[in-house]
Amino acid sequence: MNNRIIALFAVIVIAVAGVSIVAFMSNGDDNDNDAYAVSLNGVEATESNVRDNSYLIKRNLIVCTNGEATGNVAEFLNYVTSADGQKIVGKEFISIDKMTDYKDPDKDGKTMIAISGSTTIMDTMTRIAEGYMAKYPYMKVSITGGGSGQGASNTINGVSDIGMCSRDLKASEAEKGLIPTIIGKDGVAVIVNGTGVKDLTIEQVAKIYDGTYTN
């Protein structure tokens, strides 16, 4: 490896075509080539490869409820996983393959839905909620952050109707009654800004991060 690639770097996260990108930006000289994505275990970081699970660095984006969702909460989740909701998800993340249908929420049912959790999902969920409230003005959906753990905890404790998690549920969370719904996927590509590196293995990436590889 070229020493300039990983000698000193900062980590940034951006989103391009549904794939979140972790970029290694080195302090090399101004003559470095443009940054580019490397393959991992011989597989390119593309949306199709994340979808078919051949690309290994990815995560599920979920929402969770305390027990099976019912009534208007269930219909809001159906909206999130419908073609309308997934159109918004797909602007930043990778949408799900199997979408649902949704019905109009009951005006006599629960009309205020509280959602909290992952800041990764927060902006997307806010846009979904805005679209939902524009379609159904009698519905009020509040979105707050706090992180995935907070979203799960708030939902367990009844503070929130829905928790947002940019990861799968922990066993301890599922044991307390949380039920997940996958609303999208997030893939992570590794970017280098020097020549000579076209493909890395998962093990090599791990050793770069833990300091085993420093050259």
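**View A. Ser82 is in contact with Met99, Thr100 and Tyr102, once its neighbours within four places in sequence are left aside.** Contact here means heavy atoms within 4.5 Å. The model is a predicted one, in which local features need pLDDT of at least 70 and side-chain atom pairs count only at pLDDT 80 or more, while totals for chains, interfaces and linings use all residues. Residues are numbered from 1 along each chain as its sequence is written, and side-chain values use heavy atoms, with hydrogens and water left out. Ser82 belongs to the loop between helix H3 (71–80) and helix H4 (83–89), where helices (H or I, at least four residues) and strands (E, at least two) are DSSP runs numbered from the N terminus. With a relative accessibility of 1%, Ser82 counts as buried, a class that takes in residues under 20% relative accessible area, whereas exposed is over 50% and partly exposed lies in between (1.4 Å probe, protein chains only).

**View B. Phe76, Tyr79, Tyr102, Tyr132, Tyr136 and Tyr138 are linked by ring pairs into a cluster.** Rings of Phe, Tyr and Trp (its six-membered ring) are paired if their centres lie within 6.5 Å, and planes under 30 degrees apart count as stacked, over 60 as edge-to-face and the rest as tilted. Five aromatic pairs are counted by this rule. For Tyr136 and Tyr138 the ring centres are 6.1 Å apart and the planes stand at 65 degrees, so this pair is edge-to-face. Tyr136 is buried at 5% relative accessibility, whereas Tyr138, with a relative accessible area of 25%, is partly exposed.

**View C. Helix H5 (residues 119–135) bends by about 25 degrees at Met125.** The bend at a residue is the angle between axes fitted to the seven residues ending there and the seven starting there. From its first C-alpha to its last, the 17-residue helix H5 reaches 25 Å, which is close to the 24 Å expected at 1.5 Å a residue; the expected span is 1.5 Å times one less than the number of residues. At the N-terminal end, H5 is capped by Ser118, of which a side-chain oxygen lies 3.1 Å from the backbone nitrogen of Thr120. Such a polar contact is a pair of N or O atoms within 3.5 Å; within protein, one must be able to donate a hydrogen and the other to accept it, and residues adjacent in sequence count only if both atoms are side-chain atoms.

View D. With a relative accessible area of 18%, Asn49 is buried. Apart from its neighbours within four places in sequence, Asn49 is in contact with Val43, Glu44, Ser54 and Tyr55.

**View E. Asn41 and Asn53 each have a positive phi without being glycine.** For Asn41, which is placed in the loop between strand S4 (39–40) and H2, phi is about 55 degrees. Asn53 lies in the loop between H2 and strand S5 (58–66), and its phi is near 70 degrees. Asn41 is partly exposed, with a relative accessible area of 37%, and Asn53 likewise counts as partly exposed, at 42% relative accessibility.

**View F. The C-alpha atoms of Thr195 and Asp34 are 9.0 Å apart in space, although 161 residues separate them in sequence.** Thr195, found in the loop between strand S9 (178–192) and strand S10 (199–200), counts as partly exposed at 44% relative accessibility.

**View G. The charged end of Lys198 sits over the ring of Tyr36, 4.7 Å from the ring centre.** A charge is taken to sit over a ring if NZ of Lys or CZ of Arg is within 6 Å of the ring centre and within 35 degrees of the ring normal.

**View H. Asn157 and Asn66 lie 91 residues apart along the chain, with 8.6 Å between their C-alpha atoms.** The loop that holds Asn157 runs between helix H6 (148–156) and strand S8 (162–165), and Asn157 is exposed there, with a relative accessible area of 56%.
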